[in-house]
Amino acid sequence: MKTAIQGLSAALVFGGALQASCSGGSHGPDADADTDAMDDGDEQAECQTAAHCTPFEWSCDVDGTPLACTQTGDAWVPRAPCAPGQTCDPATGLCECGTCEAPTGTGCARVGPTCGPGWHDDGKCGCAATLDECPEGQIRVIGGGCLPVGARDACGSGTWGDIPVDASTVHVDASYAGGASDGSAERPFVTIEEAIDSLPDTGSGPYLVAVAAGTYEELPVLDRPAVLTGRCPSLVTLRAPGATDVLLRITSDGAGVSSLTVDGQGMARVLISIDGADGARIEDVAMRSSADIGVSCTSCD
């Protein structure tokens, strides 16, 4: 309404001086169609004498110039032009922005997120992923292209396979029965949660948690900057022990999971939830039987 009042004030300032003419020979919506056949002189005369509009009514001419009817209703006079990117709506005479745009002091600006590479405008003021059609056995990649379905399954040899373990690695092996677990390769923890809890809750990390072959029925929370890495997806499974909202929750910056299978058994609503964790990674993870969602991410870009 502020814009309308300002525009009307401008029209009134020069309306009295221009009310006896029609800018460029243009008429408002009620102009007599017969004037199209008149020469310029007759057209100006018609414009100056006929009551063509309702006083103070707004409209647009054929070129999109905003118009205002004079106080006496005998002519249309031009108002201030629309800002760049705006167009005059003949129904209201207002300068409008396009769909999913809002007026600014100098024109129009998009409402909603800016669609980055690999995304496009969805026509609803949001962004949709750009996806290609892929053959059977491949999955579409955001931004275009296709990749084979399924995680890489290079299991390697030995208890830890090809996991790049070192002296700082925390080890997990469900088959270990020697007791006195301390996370070393010789005395590994038997649950993933024990390994995570053994890590300092401060420090930059990332810490490597190596998981040996086995099935782990638990609901771990990655609240430390640790990367949970299984020997390979075909040999390591994190399985929901019962009905649950989230099977694996990632809450720490820099945390991640790779080279294993997460199995909701139809009882976990979400298999992996990333909750406000910057730089979280999920790589070479096979996902099975969620009750609803494979990966949920809050506060994610």
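Student: Which cysteine is joined to C155 by a disulfide?
Tutor: This is a predicted model. In it, the two sulfur atoms of the link lie 2.0 Å apart, and the cut-off for a disulfide is 2.5 Å. The partner of C155 is C232.

Student: How many residues apart in sequence are the parts that this pair ties together?
Tutor: C155 lies in the loop between β11 and β12. C232 lies in the loop between β16 and β17. The separation in sequence is therefore 77 residues.

Student: Is C232 buried or exposed?
Tutor: Buried means under 20% relative accessible area. C232 has 1%. So C232 is buried.

Student: Is the link of C155 and C232 left-handed or right-handed?
Tutor: Look at the torsion about the S-S bond. For C155 and C232 the value is 90°. The link is right-handed.

Student: What is the handedness of the disulfide of C100 and C125?
Tutor: Their sulfur atoms are 2.2 Å apart. The torsion about the S-S bond is about -95°. The disulfide is therefore left-handed.

Student: How many disulfides does a search of the whole structure find?
Tutor: The link of C82 and C95 is a further example, with S to S 2.1 Å. The search of the whole structure gives a total of eight.

Student: Which ring does the charged end of R79 sit over?
Tutor: The cut-off from the ring centre is 6 Å. The charged end of R79 is 3.6 Å from the centre. The ring belongs to W58.

Student: What is the accessible area of the nonpolar patch with W119?
Tutor: W119 is partly exposed, at 38% relative accessibility. L131 and I142 form the surface patch with W119. Together they have about 280 Å².

Key
Residues numbered from 1 in each chain as written. Predicted model: local features only at pLDDT ≥ 70, side-chain atom pairs only at ≥ 80, totals over all residues. Heavy atoms only, no water. Lys NZ or Arg CZ within 6 Å of the ring centre and 35° of its normal. Patch = residues over 30% accessible without salt bridge, like charges linked within 9 Å, V, L, I, M, F, W, Y side chains within 5 Å. Areas by Shrake-Rupley, 256 points an atom, 1.4 Å probe, with all protein chains shown as cover. Salt bridge = Lys/Arg side-chain N within 4 Å of Asp/Glu carboxyl O. Buried < 20%, exposed > 50% of the residue type's maximum accessible area, 1.4 Å probe, protein only. Helix = DSSP H or I, 4+ residues; strand = E, 2+ residues; numbered from the N terminus.
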